[in-house]
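Let us go through some labels and ask what backs each one.

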Amino acid sequence: LILNDCQLYANNAPQHGGAIQANGAELSITRVHFANNHAGQDGGAIFSEGFLEIDRSTLRDNSSGREGGAVYSAGSASDKLAFSLLASSVINNAAAVGGGAIFTTSPGLMEIVNSTLQGNRANSGGGIQMSSVAELINVTVAENDASEKGGGIEISSSGVLTLSNTIVALNTTLNGPPDLSLDPSGTIAPESATNLIGRNDSVELHCEETDPLVGTSANPLDPVLNPLDKNGGPTLTMVPASGSPAIDSGTPTDFAGGTDQRELPRLANGDGENDAEIDLGAAEAGLAILVNTTADEDDEEPGPQTSLREAIALAETPGTRIVFDEVIFDGEADDVITLDPENGSLEIADRNLSIDASNIRDSSQKVVGVTLSGGEALRVMRVGSLSTITLNTLTIKEGRASGASTAENSGGGIYNDGT
C-alpha cells in the first residue's frame with residue numbers, strides 16, 4: 001500500500017491500527033497527515049507487521065488503549081529494516097501503557113532520521129518504547145512525558161539503541177529517569193556519536209566525543225530550543241535558539257550534511273563564529289549573521305561592524321538567523337536600534353530568515369531581547385511578498401506610518417505582505 005498526500009482523521013478500531021493495519025505487507029507513506037485516530041489496543045494511527053516507511057509526514061493527537069500512541073511496529077525479520085521515519089513530526093500522541101509516540105517490538109531495525117517527537121505521553125516511554133534494534137540520527141525527542149520511566153525513550157528487553165547528533169531533553173516523569181531509561185538487558189551502542197541528553201543519572205552513554213553534552217538531575221542541560229512551530233517545510237519543528245549548545249556541535253554521519261527535517265541545508269555556521277558544523281537535532285539553526293552595532297548603518301563595503309539593516313541584506317540563504325552580539329547588546333536600556341530616516345524603514349523582500357534576540361539578557365539573567373525603534377518618524381519594518389520572517393524577543397516601538405496610499409498609512413510598527 002502506497003499513500004501520497006493523504007489525510008486520515010478520526011478513524012477508530014477496537015483492537016489495532018486506528019487508521020491503518022498492515023498485516024505483513026509493505027506500507028509506504030509520504031506527505032500524509034494522521035490526526036485524532038484511536039485504537040482500543042495497539043497503534044493509534046498505524047499498526048504494522050511488515051516494512052513501514054513514513055516520510056515528510058505528521059502524526060498528531062492519535063491514541064491507543066495499550067501501546068503505540070501513533071505507531072506500533074512489529075514487522076520484518078532480524079537484520080532487515082522494519083520501520084523508517086524520515087523528516088516527520090510525531091506530536092501529542094498518547095498510549096495508556098507504552099510508547100506514547102512509537103512502540104517497536106519487531107526483530108528488525110528501526111531507523112529515525114531528521115524527525116521530531118514532541119509532547120507525547122505514556123506510562124513508560126513517553127516518546128519511544130523499544131525492544132528492537134534502533135538508530136536515531138539528528139532527531140529531537142523533547143517535552144514528552146511518562147508516568148513511570150523514560151519520558152523520552154524507554155529501552156526495554158533486548159533493545160539496542162544507537163544515537164547520533166540527537167537531542168533527548170526536556171522530557172518528564174513522575175518517578176523514573178526522565179530522558180533515557182534502560183532496562184538491565186538493554187544497550188546504548190558504542191557507535192553512538194555526539195548527542196545532547198538533558199538529564200541522565202543512570203544510563204551509561206558511549207560517545208565518540210570525550211566531553212558529551214550530558215546533564216544530570218542536579219544540573220540539567222537545557223538545549224535552548226524554540227517552541228514547536230512552523231519553521232519552513234511541511235512539518236512542525238523545534239529550531240535551536242540563540243545560545244543553544246546544540247548549534248554547531250554535531251558529528252558528520254552518512255545521513256547528516258545534506259538537509260534537515262525542513263529540507264534546509266545542514267552544515268550552516270549557526271553561531272556566527274568559526275567554521276560551519278552540523279547542529280544536533282532535527283532542525284538546523286541555519287546560517288547565523290551577527291549584528292554587532294546599534295547604529296542603523298547601510299555601508300556598501302563590508303566592515304568590522306554589521307548593522308541589522310546590513311544583516312538583512314546579507315541574509316540570502318533560506319533559513320538564515322540574524323543574532324545579536326552579547327557584548328554590544330548587554331541587556332541595558334540603551335540596547336535600542338533607532339532607524340535613521342535617511343535609510344528608511346527596514347524593507348525585507350524575498351527572504352526566509354529569523355531575527356532572534358532571545359540570547360540577550362540583563363544583569364539578573366532575565367531575557368530582555370533587543371528594541372527596534374522608528375524614532376516616531378517612520379515605520380519600523382515592511383515584510384514583502386515571498387518572504388517568511390520569524391521575529392523572536394524583539395520590542396517594536398515608536399513606529400509611524402505615513403504617506404498617500406492606504407499601504408503607506410497602515411502598519412505603524414510592521415506592515416506584512418509576507419508570511
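Q: What makes strand S24 and S28 a pair, and in which sense do they pair?
A: Two strands pair if DSSP finds at least two bridges between them. Strand S24 (residues 153–155) and S28 have three bridges, in the parallel sense. So they count as a pair. In one of these strands, S28, Leu 182 is the bridge partner of Ile 155. Strands here are DSSP runs of E with at least two residues, helices are runs of H or I with at least four, and both are numbered from the N terminus.

Q: What kind of model is this, and how are residues numbered?
A: This is a predicted model: local features need pLDDT of at least 70, side-chain atom pairs count only at pLDDT 80 or more, and totals for chains, interfaces and linings use all residues. Residues are numbered from 1 along each chain as its sequence is written, and side-chain values use heavy atoms, without hydrogens and water.

Q: Which strands are the edge strands of the open sheet?
A: The sheet has seven strands, in the order S4-S8-S12-S16-S20-S24-S28, with parallel pairing. Strand S4 (20–22) and strand S28 (180–182) are the edges, as each pairs on one side only.

Q: Why is the contact between Asp 5 and Arg 31 called a salt bridge?
A: The term asks for a side-chain nitrogen of Lys or Arg within 4 Å of a carboxyl oxygen of Asp or Glu. The closest N and O atoms of Asp 5 and Arg 31 are 2.7 Å apart. The pair therefore qualifies. Asp 5 lies in the loop between strand S1 (2–4) and strand S2 (7–9), and Arg 31 in the loop between strand S5 (27–30) and strand S6 (33–35), so parts 26 residues apart in sequence are tied together. The structure holds eleven salt bridges.

Q: What does the salt bridge between Asp 296 and Arg 309 tie together?
A: The closest N and O atoms of Asp 296 and Arg 309 are 2.8 Å apart. Asp 296 lies in the loop between strand S32 (288–291) and helix H1 (308–314), and Arg 309 in helix H1, so the pair ties together parts 13 residues apart in sequence. Asp 296 is buried at 11%, and Arg 309 is buried at 10%.

Technical notes. Buried means under 20% relative accessible area, exposed over 50%, partly exposed in between (1.4 Å probe, protein chains only).
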